[in-house]
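Please read this briefing alongside the sequence and the coordinates.

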Amino acid sequence: MEHTPLETWQTRAVDWFDRHSGRLFVLPASLLILAFSIFPLIISAWLALSRFKLGSEGYELIFVGWNNFRKLLFGSEQYHLLGTFMPTSWLGWLIVAAAIVLIGWGIRSFVTSGHVTVMGTIGRLIAFGLFAALAWLFAATIGDKGQIGSLSTTIFYVFLGVAIQFVIGAGLAFLCSLRIRGRSFFRVVFFVPLMVTPVGIAYTFRMMADMTVGPISPLWHWLGLGGFSWATNAWSARLVVVLGDSWQWIPFMFLVMLAAFESQPKDELEAAELDGASGFQIFVDITWPSVAPVAATIVLIRMIEAFKIVDLPNVLTNGGPGIASESLTLHAFMQWRALDLGASAAISYVLLFTSTIICVSFFNFVVNPARRARQ
Amino acid sequence: MAIRLLFPGALMAGVAAMGFAGSAWAGEFDGVTVNVITFTGPQIAEPMQRRAPDFEKLTGAHINVITVPFSDLYQKILTDWSTGTNSLDAGVFAPQWMVDYVTPGLMEDLSPRVEADAALKLDDIGAFFRDFSMKFAGKTYTITLDGDFQMVYYRTDVAKELGLGAPQTWDDYIAFAKAANGKDMNGDGKPDFGSCIAKKRNAQSYWMVTSVAGAYLQSMGTSQGAFFDVRDMKPLVNNEAFAAALAVYSETTKYAPPDEINLDVGDTRNLFTSGQCALTIDWGDIGTLAIDPEKSKVIDKVGAVILPGSAKVLDRDTGKLVDCTANICPHAIDGVNHAPFAAFGGWSGGINAKADPKVKDAAYAFFSYMSAPEQSNVDVTIGITGFNPYRLSQFQGLDNWSKAGMSEAAAKDYLGAIEASLNSPNMVLDLRIPNNQKYQQIVLDTAIARMLAGEIDIPTTMKTIEDGWNEITDEVGRDNQLTAYKSTIGAN
Amino acid sequence: MSIFESKKLGEMAVGTKIVVYGVLGIWTFIVLFPLYWVLITSFKLPIAVSGGPFYLPFVDFLPSLHAWSYIFFDLGNDTFRPYFNSVVVAVFSTLLVMITGSLAAYALSRFTFRPRLLTILIFILAVALVIVLVAALGVNWLIAVTVGVALAVIGAGMFRRTPSPTLGNPDILFWMISQRIFPPVVAAIPIYVMFQQVRLLDTHVALILTYTAVNLPIVVWLMYDFFVSIPKDLEESAELDGASRIRIFFEIILPLSKPGLVATSLLVLIFSWNEYLLALFLSTANAQTMPLLVAAQNATRGPQWWYMSVLIIIMIVPVILLALVLQRFIAKGLLVGAVKG
């Protein structure tokens with residue numbers, strides 16, 4: 001059978017398309033991500049090294065080298081980013097001790113694992129180095145007269161927030177996965193906070209947390225706390241921010257963990273129950289291993305998002321009291337609003353650096369092992 | 001019913017049309033569209049949206065009011081104009097931002113238009129706004145639509161009960177707050193508070209500090225300035241006077257709601273109008289809010305007074321507080337130096353220099369129309385507009401005010417306080433030099449917030465502000481900043 | 001026999017049941033109470049908010065429709081326009097991100113990619129060059145992009161045989177998710193400049209493209225797990241029948257992954273529906289979305305709680321309805337994906 005030239009051209013195109021379908025499928029997504037990530041990354045790197053100035057011809061960018069970073073890390077803005085340094089208190093020493101133990105344990109398990117590679121060693125050096133630096137930072141700024149900066153505050157938000165969200169989210173998911181009536185009702189209801197726009201949640205929590213006309217103010221007064229406001233104490237202000245954040249994000253954990261719990265191997269469960277194993281035993285032996293990979297992944301995704309927390313502290317406290325509840329993104333946002341684009345970009349790079357290392361470490365040390373253990 | 005409702009509207013439109021009949025712009029701007037940006041109101045945007053159709057009938061120009069959230073208005077205008085996007089032809093914004101728009105040449109010089117414009121009735125606009133607020137380096141760049149300065153509001157019923165008068169000095173203020181704190185002032189059986197000042201960080205509280213400090217720092221008139229020494233750009237924040245102001249400011253916290261450091265202006269207004277505070281510092285808005293039966297429990301119980309003063313002021317050579325004499329405090333009343341603070345400066349209209357010439361003319365015509373007494377004198381009496389008085393004629397007839405629901409006594413009291421502030425030759429002009437956000441919203445605001453939170457004490461606070469301000473000044477260039485500062489306050 | 005011991009296998013004891021329902025009940029209250037508060041606030045007069053706290057309409061305070069009438073009648077088109085914009089932007093960006101994202105996820109789950117570090121480096125250099133050309137030298141962006149693409153292709157061809165380390169599929173996956181680390185505050189300005197250059201500011205297109213890019217990593221990440229769990233034999237037999245990849249994808253894979261698609265779509269739909277910061281930058285008048293209107297209710301006079309509450313409610317209602325309709329899929333959708341983790 002003979003082909004007309006047109007047909008040949010068409011078949012060829014289809015053939016070619018089919019052969020390269022893998023690449024072609026990935027191409028649109030990659031291009032989009034590249035356009036929206038590499039470009040901003042390069043531009044803001046440039047901004048971080050410059051000073052933005054309004055001149056006679058619109059704006060100009062004056063190259064200032066590491067000035068923005070120097071000011072943040074060692075200069076007049078150090079208290080803001082890193083905190084106010086004070087002699088280490090007992091709490092500080094406790095943190096140092098805990099960090100030493102953890103790092104020692106990490107090194108030991110790496111050396112004894114038998115997979116010592118060059119990349120592995122470099123990765124661990126960076127990860128442990130950052131971990132040690134952060135532990136020292138907390139230890140040196142957390143004392144009586146000291147004051148933790150926006151970097152430490154952000155890390156506090158991430159770790160406490162994600163921990164609360166995971167524990168409560170997974171706990172609720174586990175309860176909902178039991179054979180009870182009304183599961184679909186709870187499933188939809190628990191999902192709701194995620195649907196509210198973050199700005200709206202922030203304002204809703206400001207209404208809730210109002211100790212003069214808010215809904216819990218009578219309870220507050222009844223407890224004899226009328227003269228105290230959470231907004232005036234550094235740690236209680238941070239805690240309220242974490243609570244608001246948790247209210248919004250527990251549903252996310254809940255949904256995914258619910259799916260994970262419902263997909264655990266039914267036959268194994270039944271067999272164990274027939275054998276008369278206790279509920280706790282079943283959870284430890286069967287349920288937990290089967291959901292661990294999902295749990296690790298979801299914690300990672302949530303961590304990445306949590307590092308960018310901004311709406312809640314911005315609306316609830318505007319970063320106050322003092323600078324106590326200011327997250328890194330809020331810090332950058334405020335500098336940006338005051339037209340200090342250089343400082344703003346520099347802060348973002350500090351955030352990018354810290355969160356990338358923490359997330360990559362988490363991916364390599366927690367998510368990957370969890371996934372491998374499952375396979 | 002419908003006819004009765006329609007009638008006043010038609011009448012107003014008719015009056016407006018007559019007031020504008022002789023203008024040069026009648027029917028001139030057919031087919032022109034002007035994009036005017038301001039924040040999402042209802043305040044400020046509401047009167048513009050309401051009057052735009054009338055204006056279109058008169059001149060043919062279509063006014064498209066664009067709104068963005070208040071907190072992002074400054075950036076939005078700047079980004080649009082400085083990157084050459086130019087989708088916005090004009091804006092209604094704080095005159096404080098003017099410097100950042102004028103220096104790079106983004107704003108149109110309105111001086112020739114203003115001079116040729118009889119309908120604007122420039123002479124009727126308060127001297128402070130005409131000579132300082134609308135101008136930058138001697139040229140007029142904005143048209144004032146709103147008069148903004150802070151005053152102290154107090155509860156007249158509480159004052160009577162306590163046997164106290166309106167606070168004249170900051171010491172009186174403290175005494176009043178102390179005496180009133182803990183009393184039930186709205187009849188709900190719960191103790192209420194002596195003083196409510198918006199002290200929330202990164203909001204509008206940095207203006208409150210200057211409202212308190214002004215009287216201690218500036219005594220020789222607007223051109224003396226309250227932020228820097230005009231001789232060498234030395235910040236006026238590390239001296240006995242500023243320390244005294246900070247002490248007053250911290251002391252008020254004792255007679256305030258426990259979460260005062262987390263209260264924004266909206267919160268303190270709600271607290272005051274719901275009868276939970278004896279005193280507050282605020283702009284003119286409380287006057288109209290307090291007579292709104294939907295919002296207020298304190299109708300006819302509110303007195304307004306010019307910002308309290310001080311009998312001691314700063315001696316700039318020594319950094320010490322000295323007693324007022326006729327030489328040092330030429331504007332003192334009964335030995336007390338008052339320095340009302342034109343915080344924010346009042347919403348004003350400015351025009352994009354890169355807009356089409358025809359559009360610029362139409363935009364100017366619109367601002368002039370909004371500001372003309374025929375329109376403005378009605379708008380300032382309506383609470384929702386957010387416009388406060390700034391024209392002399394607005395203090396004369398009380399008709400518009402009583403129509404808006406204010407009792408004669410309250411109107412006299414309110415307008416009296418505004419007039420006293422407006423006529424004061426010692427008004428403090430808000431900081432308008434390049435990078436003013438950094439000086440105020442970053443350095444000053446953060447340091448004060450840390451002080452109130454107990455992170456640092458008063459001497460450290462003053463040192464931090466001084467160092468922070470000097471750092472910015474040196475970064476930008478001391479001479480440039482000094483020149484800019486002097487030209488904004490009209491110093492020699 | 002204690003109440004915590006079950007009588008029958010697979011059934012809960014009464015005591016356990018009480019505890020379980022107790023906990024779930026308390027959480028239901030915690031979830032719903034703030035929303036109840038928002039709902040009643042929308043019916044309060046300002047004085048009922050500031051005089052607070054009042055809990056029950058008609059008992060504690062007299063409800064009023066003033067806020068609702070303000071939002072729907074006084075604001076009128078100023079409410080409906082952003083609402084319409086939000087719908088358009090959320091729906092189209094969700095469609096676009098689901099198509100591009102699941103194509104990529106599918107490819108990553110079926111093919112092995114070995115992108116060379118050197119090629120990536122060349123590409124980054126080309127992008128940097130384009131930026132310099134446009135930003136610093138003022139070259140027209142179309143010309144600059146063309147030059148950049150040409151140089152990248154030539155460069156990649158030239159160094160084709162030079163040895164270089166390669167990356168694998170997990171690296172690509174992690175690279176994609178890592179794109180979410182960068183704080184949007186800083187990304188916003190460059191993205192603004194980008195759309196300004198192509199004159200797309202304040203259009204739906206700009207927002208749709210941006211949200212697509214921002215949500216892509218989530219879609220790829222979630223759908224990847226989903227596709228991995230679908231057995232390959234179906235595709236293999238279709239392939240033997242001569243079906244093309246794209247047909248296999250649309251006719252076999254997508255129908256099989258309906259629950260996953262639905263669940264993921266709902267998630268990204270919610271994210272685009274609620275996004276604030278980027279919308280703030282990229283829209284001025286025509287393309288403004290609802291979250292901006294919510295934030296705008298906090299102006300010089302402090303938060304207008306009553307208006308804000310109305311807006312929050314009209315923003316959640318459609319999403320809740322959608323979630324109710326799709327409820328069945330959501331559970332199943334994340335379930336299959338979760339099997340493989």
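The points below cover two chains and one interface.

This is a predicted model, in which local features need pLDDT of at least 70 and side-chain atom pairs count only at pLDDT 80 or more, while totals for chains, interfaces and linings use all residues. Residues are numbered from 1 along each chain as its sequence is written, chains are lettered from A and ligands numbered from 1 in the order in which they are written, and side-chain values use heavy atoms, with hydrogens and water left out.

**Chain C**

- The secondary structure of chain C comprises 15 helices and 2 strands, where helices (H or I, at least four residues) and strands (E, at least two) are DSSP runs numbered from the N terminus.
- Chain C is more spread out than a compact globule, because its radius of gyration is 26 Å, well over the 20 Å that the globule rule gives for 341 residues; the radius is taken over C-alpha atoms, and the rule is 2.2 Å times the number of residues to the power 0.38.
- The C-alpha trace of chain C spans about 80 × 65 × 35 Å along its principal axes.
- Of its 341 residues, 57% count as buried, that is, under 20% relative accessible area with a 1.4 Å probe and protein chains only.

**Chain B**

- Chain B has 19 helices and 15 strands.
- The radius of gyration of chain B, 22 Å, agrees with the value near 23 Å that a compact globule of 492 residues would have.
- Its C-alpha trace spans about 60 × 60 × 40 Å along the principal axes, and 63% of the 492 residues of chain B count as buried.
- Chain B exposes about 16200 Å², of which carbon and sulfur atoms supply 55%.
- The 40 positive and 60 negative charges of chain B have mean positions 1 Å apart, with Lys and Arg counted as positive and Asp and Glu as negative, but His and the chain ends not counted, and each charge placed at NZ of Lys, CZ of Arg, CG of Asp or CD of Glu.

**Interface of chains A and C**

- The contact (heavy atoms within 4.5 Å) takes 95 residues from chain A and 97 residues from chain C.
- About 8800 Å² is buried between chain A and chain C, with carbon and sulfur atoms giving 83% of this area; buried area is the accessible area (1.4 Å probe) that two parts lose on being put together, summed over both.
- On the side of chain A, the residues that lose the most area to chain C are A:Phe25, A:Phe36 and A:Met195, together 9% of what that side buries.

How values were computed: Buried < 20%, exposed > 50% of the residue type's maximum accessible area, 1.4 Å probe, protein only. Areas by Shrake-Rupley, 256 points an atom, 1.4 Å probe, with all protein chains shown as cover.
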